[in-house]
Amino acid sequence: MSTPLLDVKNLKKYFKTPKGLLHAVDDVTFTIDAGKTLGIVGESGCGKTTAGRAILRLIEPTGGEINFDGVDIARLKKKELLQMRRHMQLIFQDPFSSLNPRKTILQTIEEPIILAKLIPDKDKRFMRVLELMETVGLAERLINAYPHELDGGRRQRIGIARALAVEPKFIVCDEPVSALDVSIQAQILNLMKQIQRNSNLTYIFITHDLSVVNHFSDDIIVMYLGRLVEKAPAEELFSKPLHPYTKALLSAIPVPRIRNRPERILLKGEITSPIAPEPICRFAGRCDSCEQICNESEPPLVEISPNHFVACHLVK
């Protein structure tokens with residue numbers, strides 16, 4: 001049995017508010033093997049992006065372990081963390097705001113190479129930038145272009161090239177195609193898959209687009225108000241969803257046919273406050289199948305079948 005590249009245990013991230021602690025990420029546990037993709041889905045505010053950034057320590061986690069390649073990065077000092085950063089990168093959601101408008105493509109892509117002190121020689125660094133541009137499908141003639149001169153697809157290709165510049169093992173992709181047109185989305189996703197195959201990269205793919213995550217991920221976790229409610233292989237999650245929230249999410253996927261369309265599950269009721277939540281099921285207020293036990297205790301994450309985990313009192 002292979003050792004996972006990333007092993008996250010009981011990850012927590014709380015934010016202080018005037019009304020109490022906001023539980024943005026609460027006791028999340030999962031693993032990812034090298035060369036695989038883990039999709040993280042859920043509605044806005046469920047903690048997807050916060051979890052991704054806490055794993056990279058772009059924001060400091062409140063608690064938990066983040067074991068990356070055998071090292072608990074949650075406990076690394078600043079100097080050690082800087083050395084580890086080249087192995088972990090991030091592709092941002094908005095390809096425009098994530099780029100410095102005053103820097104050309106050349107300056108943007110070579111910046112992490114300079115910071116990591118990978119290629120001191122300027123000419124060799126220039127050739128490396130050209131190589132990265134070719135890898136992500138950017139024409140050499142654009143090397144001195146600025147972000148405002150390019151479309152969204154090319155800007156995101158710059159972001160991908162910048163992430164690849166330090167030869168990482170692991171990349172967190174924070175909704176990398178949500179700001180792009182549908183036709184461009186397919187190009188970027190195909191590019192990322194090709195790069196993964198060629199470099200044995202490991203991805204966390206954060207998205208709210210379930211139709212995208214199904215084709216891009218090996219395993220998927222579903223989050224609701226900071227909690228992990230279901231985790232399973234992508235194919236099994238879509239064919240046999242068990243948690244009521246997962247079923248509702250999947251029912252919302254548009255189906256291109258008029259007849260025999262699956263019934264849409266409409267969620268009703270009030271969303272539980274994530275500020276100092278009670279130790280009960282956070283989905284209880286919106287669940288049609290809710291029973292007394294759901295309002296008495298928080299359901300643990302239980303393995304129902306091989307590699308299929310669910311946090312629900314009603315699933316056995």
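## Arginine 227 and its partners

Arginine 227 is buried, with a relative accessible area of 16% (buried means under 20% relative accessible area, exposed over 50%, partly exposed in between, using a 1.4 Å probe and protein chains only). Its salt-bridge partner is glutamate 298, and the closest N and O atoms of the two are 3.4 Å apart (a salt bridge is a side-chain nitrogen of Lys or Arg within 4 Å of a carboxyl oxygen of Asp or Glu). This pair links distant parts of the chain: arginine 227 sits in strand β10 (residues 227–233), glutamate 298 in the loop between α9 (244–251) and β11 (302–305), 71 residues apart. Glutamate 298 is partly exposed, at 28% relative accessible area. Both residues belong to a network of salt bridges that also takes in Lys12, Asp26, Asp27 and Arg282.

Before going on, a note on what you are looking at: this is a predicted model, in which local features need pLDDT of at least 70 and side-chain atom pairs count only at pLDDT 80 or more, while totals for chains, interfaces and linings use all residues. Residues are numbered from 1 along each chain as its sequence is written, and side-chain values use heavy atoms, with hydrogens and water left out. Helices (H or I, at least four residues) and strands (E, at least two) are DSSP runs, numbered from the N terminus.

## Other salt bridges

The count of salt bridges comes to 17. One of them joins arginine 86 to glutamate 167, with 4.0 Å between the closest N and O atoms. Arginine 86 lies in the loop between α2 (78–85) and β6 (88–91), and glutamate 167 in the loop between α5 (152–164) and β7 (170–174), so the pair ties together parts that are 81 residues apart in sequence. Arginine 86 is partly exposed, at 26% relative accessible area.

Aspartate 72 and arginine 75 form another salt bridge, at 2.8 Å from N to O.

Eight strands form an open sheet with mixed pairing, in the order β6-β7-β8-β3-β9-β10-β12-β11 (two strands pair if DSSP finds at least two bridges between them). β6 and β11 stand at the edges with a single partner strand each, so one side of each has no neighbour in the sheet. Ignoring direction, neighbouring strands of this sheet are turned by 25 degrees against each other on average. Within the sheet, β7 and strand β8 (residues 202–206) run parallel and are joined by five bridges; valine 172 has isoleucine 204 in β8 as its bridge partner.

Strands β1 (residues 6–17) and β2 (residues 20–32) pair in the antiparallel sense over ten bridges. A hairpin connects β1 to β2 through two residues, and tyrosine 14 has histidine 23 of β2 as its bridge partner.

## How the helices pack

Helix α4 (residues 122–136) packs against α5 at an angle of about 130 degrees, with the axes 9 Å apart (axes are lines fitted to C-alpha atoms, for helices over the stretch in contact, and angles run from 0 to 180 degrees between N-to-C directions). The two helices are therefore oblique to each other (under 35 degrees counts as roughly parallel, over 145 as roughly antiparallel, 65 to 115 as roughly perpendicular and the rest as oblique). Arg128, Leu132 and Val136 of α4 make the contact with Arg157, Ile160, Ala161 and Leu164 of α5 (contact means heavy atoms within 4.5 Å).

Helix α3 (residues 105–115) and α4 pack at about 115 degrees, with their axes 10 Å apart, and are therefore roughly perpendicular to each other. From α3, Ile105, Leu106, Ile109, Glu110, Ile113 and Ile114 meet Arg125, Phe126, Arg128, Val129, Leu132 and Met133 in α4.

Helix α6 lies across β3 (37–41), β6, β7 and β8, and runs at about 155 degrees to β8. Glutamine 194 is found in α6 (residues 182–199) and counts as partly exposed, at 42% relative accessibility. The C-alpha atom of glutamine 194 is 9.8 Å from that of valine 136, a residue 58 residues apart from it along the chain.

Helix α1 (residues 48–55) is largely enclosed by the rest of the structure, because six of its eight residues are buried. These are Lys48, Thr50, Ala51, Gly52, Ala54 and Ile55. Just after α1, arginine 57 takes a positive phi of about 60 degrees.
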